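Here is a friendly walk through a structure for someone new to reading them. Keep the sequence and the 3D view side by side as you go.

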There are 2 protein chains.
Amino acid sequence: MERRYLILAPHVFATRAAKTAHGVIAYSTDVTVGVVDPANAGRTVRDVLPHLDCDAPIVASVAAGLAFKPTSLLIGIAPAGGALPPEFRLEIAAALRAGLEIVSGLHTILGDDAEFAELAKAHDSRIWDLRLPPAAPLFSGAAYDIEATIVLTVGSDCAVGKMTASLELARAAQERGARAVFVPTGQTGIAIAGWGTSVDRVVADFAPGAAEQLVLEAERRAGDTGDGASGPAPLLLVEGQGAINHPAYAPVTLSLLYGCAPDALVLVHIPSRKAIEGYDIPLLGYRELIRTYEALCAGVKPARVVAVALNTRDLTEVAARAAIADAAAQTGLPCDDVVRFGPFALYDAIAPELAKTAVLHA
Amino acid sequence: MERRYLILAPHVFATRAAKTAHGVIAYSTDVTVGVVDPANAGRTVRDVLPHLDCDAPIVASVAAGLAFKPTSLLIGIAPAGGALPPEFRLEIAAALRAGLEIVSGLHTILGDDAEFAELAKAHDSRIWDLRLPPAAPLFSGAAYDIEATIVLTVGSDCAVGKMTASLELARAAQERGARAVFVPTGQTGIAIAGWGTSVDRVVADFAPGAAEQLVLEAERRAGDTGDGASGPAPLLLVEGQGAINHPAYAPVTLSLLYGCAPDALVLVHIPSRKAIEGYDIPLLGYRELIRTYEALCAGVKPARVVAVALNTRDLTEVAARAAIADAAAQTGLPCDDVVRFGPFALYDAIAPELAKTAVLHA
């Protein structure tokens, strides 16, 4: 279905807490017709966050947003722990009463909520819990036989831009004529791409198996593009999660690092970030991150970090270029901000390396 | 309750597939009154596995085992993926009809099975699914403030003896007068200790949080020993899981490595094992394992490997002593087989190092 999103992000739309809202506005092919945030009511998305390039109005309530004929209410936040903020309940109920579909990436499964389930039934609307995973098998090793070149983004922390880097590199690859597929591994990626599994929601024993199923599915999708399947191997750009020294989320990071069996890694970092968000743990430096990710891969299936993607949104352009030069000098790798300066320079810099990996497979 | 176990392990009791059976027989304070295994019916546990030091008879069926007045049927296997073998159904149903409690560590939740649930209700028996975890919060960092010295076993693979090493070291520490608590993190450990959480069954995002809750609970238990809580800090001996380069289970390994916030690690290995069981992946060597585990801890909360515990059951005594000498030479660490030669030498070798860690806390 083609969705028209009203996005619920009260009092946080302008902040990183509304990560899901920002990702869907920037990358979904579904249109956002309005945002619910009383703190910014009367302004537009562009007024608040110009880089999202979106003129949807911001309103104070779901009731006010109905004027823009949404089909769906998207829960626009991605809080640590993923619980439903109690103050969201009335607005979700109002949306269900108006017949809107609810799209949620929270750990709280809204379809299991008695009140919401009853309202959805009574008003013939539905609840799409993005995070509810399918049953996953144990990791089998089938991912090692995939012919596509698998590129996973790995980070220095949560919420640094791994999904965005994977999306931008997939876009660049497609525009350069490659059969490239973005592989969603979290709730925002699933909302954007319309498929995928939130690997962080899978039972720990089966999380690498769920990651493996995603790259197997992506390879099928890459083969279904109808271009005759000749030419170079497809490219799977897997959305990474967490960071290897994140005390809560590193097991999910590792589930992707092993389960997706990547051929190459792209390291993603925000230069202004110094500590793991919410914990008193310093970020690892570039060389330490590269050493750690590559050492872990070496024990299972070797993969090298081939590029660094920086998120420089909170820097001036001069500072951004300096940060990129610094990362390149420290790592000896191609380095860029794929949002600020576009993904093509970085993609073109790593494409020959990725093609070599594909030849190794053949 | 005091249990009298009949253990179901048809056709596999003598093999490592019956890991749960062997662990409970060796370490539970509950008594095993019989084992169901048609392949060895008529013999005793001692005939088949002398090291378990148990004279319980082996019988062909649950019906035959009822003669020994069991209170509970323990599912004695721990297969990869944890599914219920269909051929177990009739025997489980027979046990429920006889009023036995069912104790199971499978991923398949037997209490959710309609037939079993109905039989349990009809015959006033109960089903204890060891693997069903409590709701776990996100990792909070509270584990960093624990005063006890936390020792985690880490391995080169699954099923090498991490639980056994933790149990034996806890026993040695207790006999030396320390306030030591074994911390169960998997189904067999839970069956033995009567509490704990199977961390591999927790949703990936919350697995480190579940591990953290276990050490917090263990610290409370250590404080409740009634000895006035004077003297040195308690010792928590946490059962490890998996291995850091296990493609399916490493996320659980990492959940414990970060979530339990260990002060020290004990590396556990079977010298005869060369590859990860079930996968075409070589085991890492001693120095690589130590480097990898210590490097990961260094990024979160530093911890050193202080000893190596070898499982030499399948070696001659001469070969075992050679393997121990080799591990000691390669690592420069105290090294022993804590089952074959008892845990006291290894415990006494590391006790001063653990005491230093405790002083650092104070």
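## Before we start

This is a predicted model, in which local features need pLDDT of at least 70 and side-chain atom pairs count only at pLDDT 80 or more, while totals for chains, interfaces and linings use all residues. Residues are numbered from 1 along each chain as its sequence is written, and chains are lettered from A and ligands numbered from 1 in the order in which they are written.

## Two domains in chain A

Chain A is assigned domain 1 (4-129) and domain 2 (142-361); such bounds come from an automatic or database domain assignment. Between the C-alpha centres of domain 1 and domain 2 of chain A there are 28 Å. Where they touch, 13 residues of domain 1 of chain A are in contact with nine residues of domain 2 of chain A. Two residues are in contact if their C-beta atoms, placed from the backbone, lie within 7 Å. On the domain 1 side of chain A, helix 1 (residues 19-27) gives the largest share, five residues. Helices (H or I, at least four residues) and strands (E, at least two) are DSSP runs, numbered from the N terminus. That side of domain 1 of chain A has six nonpolar, five polar and two charged residues. In this sorting, Ala, Val, Leu, Ile, Met, Phe, Trp, Tyr, Cys and Pro count as nonpolar, Asp, Glu, Lys and Arg as charged, and the others, Gly among them, as polar.

## Where chain A meets chain B

The two chains touch through 33 residues of chain A and 33 residues of chain B. On the chain A side, the elements giving two or more residues are helix 8 (207-223), helix 9 (250-259) and helix 10 (286-298). Which of chain A's elements gives the largest share of this side? Helix 9 of chain A does, with six residues. By class, the chain A side holds 22 nonpolar, eight polar and three charged residues.

## Two helix pairs

The table sets out two packed pairs. Axes are lines fitted to C-alpha atoms, for helices over the stretch in contact, and angles run from 0 to 180 degrees between N-to-C directions.

| Helix pair | Angle | Axis separation |
|---|---|---|
| Helix 9 of chain A and helix 9 of chain B | about 155 degrees | 8 Å |
| Helix 4 (residues 89-97) of chain B and helix 5 (residues 114-122) of chain B | about 15 degrees | 8 Å |

With an angle of about 155 degrees, helix 9 of chain A is roughly antiparallel (over 145 degrees) to helix 9 of chain B. Their crossing is right-handed, meaning that the near helix is turned clockwise from the far one by less than a right angle. A:Ala250, A:Pro251, A:Leu254, A:Ser255 and A:Tyr258 meet B:Ala250, B:Pro251, B:Leu254, B:Ser255 and B:Tyr258.

Helix 4 and helix 5 of chain B are instead roughly parallel (under 35 degrees). Helix 4 of chain B also passes helix 5 of chain B in a right-handed crossing. Here B:Ile92, B:Ala93, B:Leu96 and B:Arg97 meet B:Glu115, B:Phe116, B:Leu119 and B:Ala120.

## Buried or exposed

A residue is buried if 20 or more other C-beta atoms lie within 10 Å of its own, exposed if 12 or fewer, and partly exposed in between, with C-beta atoms placed from the backbone. In helix 9 of chain B, ten of its ten residues are buried. Their cover includes helix 8 and helix 9 of chain A, along with helix 8 and helix 10 of chain B.

A:Leu73 sits in strand 4 (residues 72-75) of chain A. Why is A:Leu73 called buried? Because 28 other C-beta atoms lie within 10 Å. Beyond neighbours within four places in sequence, its contacts include A:Leu6, A:Val62 and A:Ile102.

B:Leu333 lies in the loop between helix 11 (317-331) and strand 12 (335-336) of chain B. B:Leu333 counts as buried because it has 20 C-beta neighbours inside 10 Å.

A:Lys69 lies in the loop between helix 3 (62-65) and strand 4 of chain A, and counts as exposed with 10 C-beta neighbours inside 10 Å. A:Lys69 has a positive phi of about 55 degrees, although it is not a glycine. Most residues other than glycine have a negative phi.

Notes. Parallel < 35°, antiparallel > 145°, perpendicular 65-115°, else oblique.
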